[in-house]
Amino acid sequence: MWRQERMGEKPRRTWPEAVVRWIEETSHKASHDDDLCHLRWLDPHLKGLMLDQIDRDRLRTLRATRQAEGVSNATVNRTLSVVHAILRRAERVWEWLDRAPTIPLLPEPKQRIRWLTREEADRLIGELPEHLADMARFSLATGLREANVTGLKWSQVDLERRVAWIHPDQAKAKKAIGVPLNTDAVLVLRRWEGRHDERVFAYQRHDANGALVWLPVSKAGGRAWRKALQRAGIKEFRWHDLRHTWASWHVQSLDFGQSILPAGKNRSLTYSWSRQVL
């Protein structure tokens, strides 16, 4: 304490202290859940360390350990990026470090856009359980992200006006999104009325008393999704690629006005939107 007061030395801080503060300050981020996944992986490797003990050699060891698990370079880079971000904030904002170490990220191949033909989509939907099949249909009809579909509430849907909306805190860009509902989307929503009081999409499970209850879906692209892909003979396809498929179909059809934007909107805006998704 004397050295800190008289000589201006910074008190040493631990990695867990930094993680707790980081989580508190970045809970608004669209990638917050992904960050938590990376932090859970990092915990056994860094939890016993002071921040000033995390040097370039330690980061290289982390990189090699992550690579040895057989994950992609992109996954390794995302994990390292979380460490870099926390250490940079500890240096530049919290003033817990004099200098934050970094190491180069791994090269990543250019992302290939993956989308399905209509025949492939029908085959996949036929292999999915009911709730995931209708969530996939809804995604293909609206282009919404997985989190916006799983978290959709009935209070965000107006079937009479054929529109849904995503609140700013639910959107990646933190801006409200109005979602026009075409016939396919409306038919899906009609089938799910009355099943769950709050959430649109749900699945049935037995409770402790053996009664069937409806539970909200928290994740769509899990084990059932992966098994359905295998049965359908579809490879290298993520749930997010349904969004790419939605955009690809509309670009190919050259008919954007009715299915994406409300009547009277500029169709060139829709083309721009689809290109951004692609």
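Biologist: What is the handedness of the crossing of helix 7 and helix 11?

Modeller: The crossing of helix 7 and helix 11 is right-handed. By definition, a crossing is right-handed if the near helix is turned clockwise from the far one by less than a right angle, and left-handed if anticlockwise. This is a predicted model, in which local features need pLDDT of at least 70 and side-chain atom pairs count only at pLDDT 80 or more, while totals for chains, interfaces and linings use all residues. Residues are numbered from 1 along each chain as its sequence is written, and side-chain values use heavy atoms, with hydrogens and water left out.

Biologist: What makes helix 7 oblique to helix 11?

Modeller: Helix 7 (residues 130–142) and helix 11 (residues 241–253) pack at an angle of about 45°, and their axes are 7 Å apart. Angles under 35 degrees count as roughly parallel, over 145 as roughly antiparallel, 65 to 115 as roughly perpendicular and the rest as oblique. Helix 7 is therefore oblique to helix 11. The axes are lines fitted to C-alpha atoms over the stretch in contact, and angles run from 0 to 180 degrees between N-to-C directions. Helices are DSSP runs of H or I with at least four residues, strands are runs of E with at least two, and both are numbered from the N terminus.

Biologist: Which residues of helix 7 and helix 11 meet?

Modeller: From helix 7, A136, S139, L140, A141 and T142 meet L242, T245, W246 and W249 of helix 11; contact means heavy atoms within 4.5 Å. By class, this contact has six nonpolar, three polar and no charged residues. Ala, Val, Leu, Ile, Met, Phe, Trp, Tyr, Cys and Pro count as nonpolar, Asp, Glu, Lys and Arg as charged, and the others, Gly among them, as polar.

Biologist: Why is H38 called buried?

Modeller: H38 has a relative accessible area of 12%. Buried means under 20%, exposed over 50% and partly exposed in between, with a 1.4 Å probe and protein chains only; H38 is therefore buried. H38 is found in helix 3 (residues 32–46). Not counting residues up to four places away in sequence, H38 touches R66, T75, R78, T79 and V82.

Biologist: How many bridges join strand 4 to strand 5?

Modeller: Five bridges join strand 4 (residues 202–206) to strand 5 (residues 212–216), and the two run antiparallel. Pairing requires that DSSP finds at least two bridges between two strands. In strand 5, V213 stands opposite R205, and L212 is the bridge partner of H206. The two strands form a hairpin with five residues between them, and G210 in the turn has a positive phi of about 90°.
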